[in-house]
Amino acid sequence: MRRIGVFVCHCGSNIAATVDVKKVVEMALKEQGVVHAEDYPYMCSEAGQVKIAEAIKEHKLEGIVVCSCSPRMHEATFRKCAERNGLNPYLVEIANIREHCSWIHKDMAEATEKAVILMRAAVAKVHLNAPLQAGESAVTKKALVIGGGIAGIQTAIDIADAGYKVDIVEKEPSIGGRMSQLDKTFPTLDCSACILTPKMVEAAAHENITIHTWSEVEKVSGFVGNFTVDIRKKARYVNMDKCTGCGVCQEKCPSKKPLNEFNRGLNTRSAIYTPFAQAIPNVPVIDANACIKLNTGKCGICEKFCQVGAIDYTQKDEIITEQYGAIVVATGFDTIKLDKYGEYAYNESKDVITSLELERIMNAAGPTKGHLERLSDGKAPKEIVFIQCVGSRCSDDRGKPYCSKICCMYTAKHAMLIRDKYPDTNVTVFYIDVRTPGKNFDEFYRRAVEDYGVNYVKGQVGKVAPQPDGSLMVHGVDLLENKQIVKKADMVVLATAIEPNPDVRKIATMLTASIDTNNFLTEAHPKLRPVESPTAGVFLSGVCQGPKDIPETVAQAGAAAVKVIGLLAKDKLKTNPCTAKADELRCNGCSQCANVCPYGAISYETKQVNDHGIREDRRIAVVNSALCQGCGACTVTCPSGAMDLQGFSNRQIIAEVDAICR
Amino acid sequence: MNKVEEIKLISGVNPLKCMKCGKCSASCPSFNEMDIKPHQFVTYVINDDVEALAQSKSAWKCLSCFACIERCPRDVKPGKLIDAARQILIRQRDQEGLSPDEIPALLDEEIPQQLLMSAFRKYRR
Amino acid sequence: MPVTENWKPKIVAFCCNWCSYAGADLAGSSRLAYPADVKIIKVPCSCRVNPMFILRAFEKGADGVILCGCHPGDCHYSTGNYYARRRMTLLFSMLDYLGVEEGRTRVEWVSAAEGVKFSETMNSFVEKVRALGPNVRLGDLRCKN
């Protein structure tokens, strides 16, 4: 019988207000093997840990149960405390009486009863805990950043500056991401390309950064410190070493029909293209769907005009395999599809556009060379209506339930820029709320109203009706005047909700990183670990974690980089000792466990065993504890019950079941 | 059951979901005829002022075109709220309601189909 | 056993460490109530749950057992929840054959972000088990006093 100590935390009033902690202590002392039990307001505090330390020495404890918050919060704290005081850290169990008890129950008697049962289960388990020793694994001192937008670029630069190698994988032909599509940035109105391009150049020129554009992550295996990643380098059909980026091929290419993705499909590009002038690398790709040569075998004009012979129609997709210690997801966002919003006539009229499309129209490199024009007839709009919250804050299945966060500010920016450049154009913004938390944000919005005369109307638009004369009839409401508004407009701009890049689900699955109902990646803790994924070694940067503007994205990118550096700076990582182990006497070498192991951690060896005095050679399963991640799939598959999971053994779990059902 | 609970039950709507965007009022073809506007319905229900809502002109000016229900981003559906208020009224008055047999005699050939449909929605109970 | 008014079901919930246990934590920190009859056992993955544990729970007097794991495709160990799903399908049909009503067992996928779903799942599961009353089919008579 082990000597067990039980420590019950009040967590201030978080636990003590609904759980009678004294009663839990009293009941604990009645449990078998419990030689000491006490309660304390904050067990995790320095003083609380001293109490544990003293009790370990005084009562010669061989096992500890802490009744407190979730083990996800403080299991590590109490294990370290035990270790410092000479007790194996794996002889500590947590009974979660806060998240799973005091916070969800109101009735004191009921909550106390449950807390006692949870305590009993933990005591029953800790009796059977084995003193485990964590192993060690080496760290590959190199990081992978998935996504080459501002988030990915900043993370990569920060990691590289600390002296570690970084690879950026970007699926588009150039890094730059959404920020490269923006014209100006709020609240300073500086030109987006002017501040982004130097960062792109810095990343490209950095000796520690390798950029794989036109590439996608194909497969991820391994674990923190030791990821193995397959990267598909899509066929570019242009030799990157030879190409000088002169651009002649793009001029001469006769296939000019494909929609220009960079300009949000508002105009077309050639089949061989770089997305934009400042592209990095400045090497075009051939769009295989549109290329005449690749589809019909005839043409070859780009090859003919290329003076350095960089065109190579025979290129194939190539898969490279790399090793990384840490992976940062920086996959960014896109705007939602507006097919379900028939009332805004986005699919009917060319003059109803999204804000991101307006960015391209306002940009000198955009489809209208920076002139504000209606896309239907090229005329200058005199009356522009902005509609806020299109698809944001929706609880129906058409939109997204969250606030997209950036729309209020970029709309103020657009309105201000238009009023500044085209003073005779009227701008009306229909808003529900104007949300401007941020440094100099509200001042910026007020400038739009007070200095630039932008007409802000509180109320949503119900319908946009295209008229035969080409104008747009906007049916809105002014809730403050309690009046319906019918307004004739030349252009309507929709502040379209943003959503995580659709590819993120695929990537999250590969990384086994969890994802929420809106496809945003989940953080390890919403407040205290906002840039880490719950999956060790995977970090989050930028909008893939939640809506953010540029400064926030850059800040988070830096934070993610610091976490990566902290990981790569270690030479060895402690591995989880809760791995599977086969009982040599029971194993019959049937191979079923190896079939279900997702890590290939199980192999078979012929070993001599001593079965009740009879020595014989048997085929026995051997688990490689460096590869085993401790899922336990093999333990259930094993027909003879030979395979067991350390830390979550059959006997331990059954002891918990028994204690709960007692 | 009080009136507010009754309205919630009949309409199946949770008025607390409203974010006061006004898209219902922007969409309403009878807006100018109404004394209480569609975006205000929710506030009347939340403030337990169902009586005023039921007595308002709006209850009968609503065309039951369901544009507000279709477009409401928060699933609040003011059209259903006013419809529920109307039902409570009709149930109170009981005999004064139309029975289906009476409708053919009241029909005018000039009346558009949609109006018949919405009349059916409004008066069928 | 006669059903008394104060009867409370014993419910064992196995939750995987990565999704559902975190989902239960989120339900807790969001103060989303569910009945105290539910007691959670943490397992690394839903595939760690041996059918034996569930039989043991019923034998020892549990009235309902629920297994929660990551959504299909989101398993921290890639494939664990698929194994759990298959095993439980077989086990539950066997339990059904043994007379343990369908409503006493359940598999549910709850992600770390789904505190609301966790609480709703537990509420509806407990309600169902309460309606079924005490489980007497697999109870070990020697365990009863």
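## Model and numbering

The model is predicted: local features need pLDDT of at least 70, side-chain atom pairs count only at pLDDT 80 or more, and totals for chains, interfaces and linings use all residues. Residues are numbered from 1 along each chain as its sequence is written, while chains are lettered from A and ligands numbered from 1 in the order written.

## Domains of chain A

Chain A is assigned domain 1 (4-126), domain 2 (142-234 + 317-332 + 501-568), domain 3 (335-499) and domain 4 (580-646). These bounds come from an automatic or database domain assignment. The centres of domains 1 and 4 of chain A, taken over C-alpha atoms, are 35 Å apart.

## Nonpolar cores

A nonpolar core is a set of buried Ala, Val, Leu, Ile, Met, Phe, Trp, Tyr and Cys residues joined through C-beta atoms within 7 Å. Buried means that 20 or more other C-beta atoms lie within 10 Å of a residue's own, with C-beta atoms placed from the backbone.

The largest core has 128 residues; V6(A), V24(A), V65(A), C67(A) and M119(A) touch the most other members. Helix α5 (residues 108-126) of chain A gives the largest share, 11 residues. Domain 1 (4-126) and domain 4 (580-646) of chain A both contribute residues, so this core lies between them. A second, separate core has 118 residues, including V166(A) and A412(A).

## Helix α3 of chain B

Helices are DSSP runs (H or I, at least four residues), numbered from the N terminus. In α3 (residues 38-46) of chain B, 7 of 9 residues are buried. Among them are F41(B), V42(B) and Y44(B). D48(B) follows α3(B), with a positive phi near 60 degrees.

Key:
Buried ≥ 20, exposed ≤ 12 C-beta atoms within 10 Å, placed from the backbone. Helix = DSSP H or I, 4+ residues; strand = E, 2+ residues; numbered from the N terminus.
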